[in-house]
Amino acid sequence: VIGDYDIDGVMSTYFLYKGITRCGGSVDFQIPDRMKDGYGINDHLIEQADEAGIDTIITCDNGIAAANEIAYGKELGMTIIVTDHHEIPFDEIDGEKIYRLPPADAVIDPKQKDCVYPFKGLCGAAVAYKLMEALWESMGKDSTDLDDLIENVAIATVGDVMDLEDENRIFVKEGLQMLKRTKNPGLKALIECTGI
């Protein structure tokens, strides 16, 4: 899992890591260093993964604009899945927008032109959460077992300054209630030390 260094990217990485490990998968993650790596997936991170014998990369909160990097990973024989919520890059030719999706094995971004998902305003963490729900359901597991992660979706939604409408409002409302009784040791420590 290759995330991003902001709150949305860190939470997205956390969801994918937790969701896949809870399903019994073997997963590692990398949060790019802002100064050394820059934003999102890059050739250096792909090469590190390849050298470690990793065969699948899932991006979160990044990847939609990384066509060259993803093509490089595909040349190395990797499976690459992009989860993102940013706008799809496009070229404008004669007044018409021609969208450029990266050459990944799957692209999960509600802002894709042909995406039928009804709400386009999710943050990257919410997209990752939705992917984990779908993974769990496809494996015959109860996706409500992931509900404890909703408090993190709320934090990412607010931290990424998403509009508090539609599903975002529900995530934040439910997440704030859950934070009052969180079992997450890191969040409990933050709540205690800040006096919130």
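Student: Across which strands does α1 lie, and at what angle does it run to β1?
Tutor: In this predicted model, α1 lies across β1 and β2 and runs at about 140 degrees to β1. Roughly antiparallel would need an angle over 145 degrees, so about 140 degrees counts as oblique.

Student: What makes α1 and α4 roughly parallel to each other?
Tutor: The angle between α1, residues 7-22, and α4, residues 124-138, is about 10 degrees. The cut-off for roughly parallel is under 35 degrees, and α1 and α4 are therefore called roughly parallel. Their axes lie 8 Å apart.

Student: How do you know that α1 and α4 are in contact, and which residues meet?
Tutor: Contact requires heavy atoms within 4.5 Å. Among the residues of α1 that meet α4 are F15, L16 and I20, and the α4 side includes Y129, L135 and W136. The residues of this contact divide into 11 nonpolar, three polar and two charged.

Student: Why are β1 and β5 called edge strands of their sheet?
Tutor: The open sheet has three strands in the order β1-β2-β5, with parallel pairing. β1 and β5 (106-108) each have a single partner strand, so one side of each is left without a neighbour in the sheet. Neighbouring strands here are turned by 10 degrees against each other on average, direction ignored.

Student: How do you know that β1 and β2 pair?
Tutor: Pairing asks for at least two bridges; β1 and β2, the latter spanning residues 79-83, have five, in the parallel sense. C60 stands opposite T83 in β2.

Student: In what sense do β3 and β4 pair, and over how many bridges?
Tutor: β3 (residues 90-93) and β4 (residues 96-99) pair in the antiparallel sense over four bridges, against a requirement of at least two. I93 stands opposite E96, and E92 has K97 as its bridge partner.

Student: What do β3 and β4 form, and how many residues stand between them?
Tutor: They form a hairpin with two residues between them. D94, in the turn, has a positive phi of about 50 degrees.

Student: What volume does the largest pocket have, and which residues are closest to its centre?
Tutor: Its volume is about 550 Å³. Of its 20 lining residues, V1, S26, V27, I54 and T56 are the closest to the centre. α2 (43-51), β1 (56-60) and α4 each give two or more residues to the lining.

Student: How do the lining residues divide by type?
Tutor: The lining of the largest pocket has 14 nonpolar, four polar and two charged residues.

Terms used: Residues are numbered from 1 along each chain as its sequence is written. This is a predicted model: local features need pLDDT of at least 70, side-chain atom pairs count only at pLDDT 80 or more; totals for chains, interfaces and linings use all residues. Side-chain values use heavy atoms; hydrogens and water are left out. Axes are lines fitted to C-alpha atoms, for helices over the stretch in contact, and angles run from 0 to 180 degrees between N-to-C directions. Angles under 35 degrees count as roughly parallel, over 145 as roughly antiparallel, 65 to 115 as roughly perpendicular and the rest as oblique. Ala, Val, Leu, Ile, Met, Phe, Trp, Tyr, Cys and Pro count as nonpolar, Asp, Glu, Lys and Arg as charged, and the others, Gly among them, as polar. On a 1 Å grid over the protein atoms alone, a cavity is a set of points where a 1.4 Å probe fits but cannot get out, and a pocket is an open set with protein on both sides within 12 Å along at least five of seven lines; lining residues have an atom within 4 Å of a point. Grid points are joined across faces, edges and corners, and a volume is the space filled by probe spheres set on the points.
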